[in-house]
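This briefing concerns one protein model and groups its computed features by topic. Please consult the sequence and the structure shown here before reading on.

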Amino acid sequence: FNATFRDFQAKKIEAESDLRKAREERRAAEDRVAALEAKQTDLEELLGTLKRGQGAQKAHEWHQRMSEMRLEGLQLKTDLARQLENVRHLEDLMRTRNMTIAELETAIASKTKVHEEQQLEWERREIELES
């Protein structure tokens with residue numbers, strides 16, 4: 001029974017791993033499809049524009065769009081850098097606090113040990129005095 005159960009668990013883990021891998025591959029394929037669809041749409045728009053003779057106007061619009069996207073990209077980069085710096089700061093703070101907690105726990109353990117030793121010494125003296 002145990003061997004069967006272990007085999008079942010191993011097969012279950014393997015199946016979950018395969019499922020996770022298949023989902024990742026599916027997401028990657030969906031991303032590729034979306035990128036290709038976007039490229040196709042852009043190319044169709046470009047061909048339509050060139051056929052209608054509106055190339056200069058569309059080129060100007062695209063240039064404006066690209067400039068806006070570059071600016072947005074720079075803003076996002078700056079925001080990301082700030083967020084990463086904030087994360088680093090919080091991680092350092094957390095590390096410092098954890099070290100402080102560990103030191104305090106060590107101090108508590110040490111003081112508890114000293115207190116217990118003093119208590120034992122006190123009890124030993126009481127027993128000696130009573131004898």
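The side chains of Asp-92 and Arg-95 form a salt bridge with an N to O distance of 2.7 Å, a salt bridge being a side-chain nitrogen of Lys or Arg within 4 Å of a carboxyl oxygen of Asp or Glu. The model is predicted, so local features need pLDDT of at least 70 and side-chain atom pairs count only at pLDDT 80 or more, whereas totals for chains, interfaces and linings use all residues. Residues are numbered from 1 along each chain as its sequence is written, and side-chain values use heavy atoms, with hydrogens and water left out.

**Salt bridges**

- By the rule given above, the count comes to 8 salt bridges.
- Asp-92 and Arg-95 are separated by about one helical turn, because they are 3 residues apart in helix α2; helices (H or I, at least four residues) are DSSP runs, as are strands (E, at least two), and they are numbered from the N terminus.
- Asp-92 counts as partly exposed because its relative accessibility is 42%, and Arg-95 is likewise partly exposed, with a relative accessible area of 45%; the classes are buried under 20% relative accessible area, exposed over 50% and partly exposed in between, with a 1.4 Å probe and protein chains only.
- Asp-79 forms a salt bridge with Arg-82, and their closest N and O atoms are 3.1 Å apart.
- Asp-79 and Arg-82 lie 3 residues apart in helix α2, so about one helical turn separates them.
- Asp-79 is partly exposed at 38% relative accessibility, whereas Arg-82 counts as exposed at 54%.
- In helix α1, Arg-26 and Glu-30 are 4 residues apart, about one turn of the helix, and their side chains meet in a salt bridge of 3.2 Å, N to O.
- Arg-26 counts as exposed because its relative accessibility is 59%, while Glu-30 counts as partly exposed at 39%.
- A network of salt bridges links Glu-121, Arg-124, Arg-125 and Glu-128.

**Helix α1 and the residue after it**

- Helix α1 has 51 residues and reaches 74 Å from its first C-alpha to its last.
- This span is close to the 75 Å expected at 1.5 Å a residue, where the expected span of a helix is 1.5 Å times one less than its number of residues.
- Gly-53 follows α1 and has a positive phi, near 80°.

**The largest pocket**

- The largest pocket holds about 200 Å³ of space; the volume is the space filled by probe spheres set on grid points, which are joined across faces, edges and corners.
- On a 1 Å grid over the protein atoms alone, a pocket is an open set of points where a 1.4 Å probe fits, with protein on both sides within 12 Å along at least five of seven lines, and lining residues have an atom within 4 Å of a point.
- Its lining consists of Lys-39, Asp-42, Leu-43, Glu-45, Leu-46, Trp-62, Arg-65, Met-66 and Met-69.
- Helices α1 (2-52) and α2 (55-130) each supply at least two lining residues, and α1 gives the largest share, 5 residues.
- The lining has 5 nonpolar, no polar and 4 charged residues; Ala, Val, Leu, Ile, Met, Phe, Trp, Tyr, Cys and Pro count as nonpolar, Asp, Glu, Lys and Arg as charged, and the others, Gly among them, as polar.

**Trp-62 and Leu-46**

- Trp-62 is found in helix α2 and counts as partly exposed at 25% relative accessibility.
- Leaving aside neighbours within four places in sequence, Trp-62 is in contact with Glu-45 and Leu-46, contact meaning heavy atoms within 4.5 Å.
- Leu-46 is placed in helix α1 and is partly exposed at 30% relative accessibility.
- Leu-46 and Lys-58 are 12 residues apart in sequence, and their C-alpha atoms are 8.4 Å apart in space.
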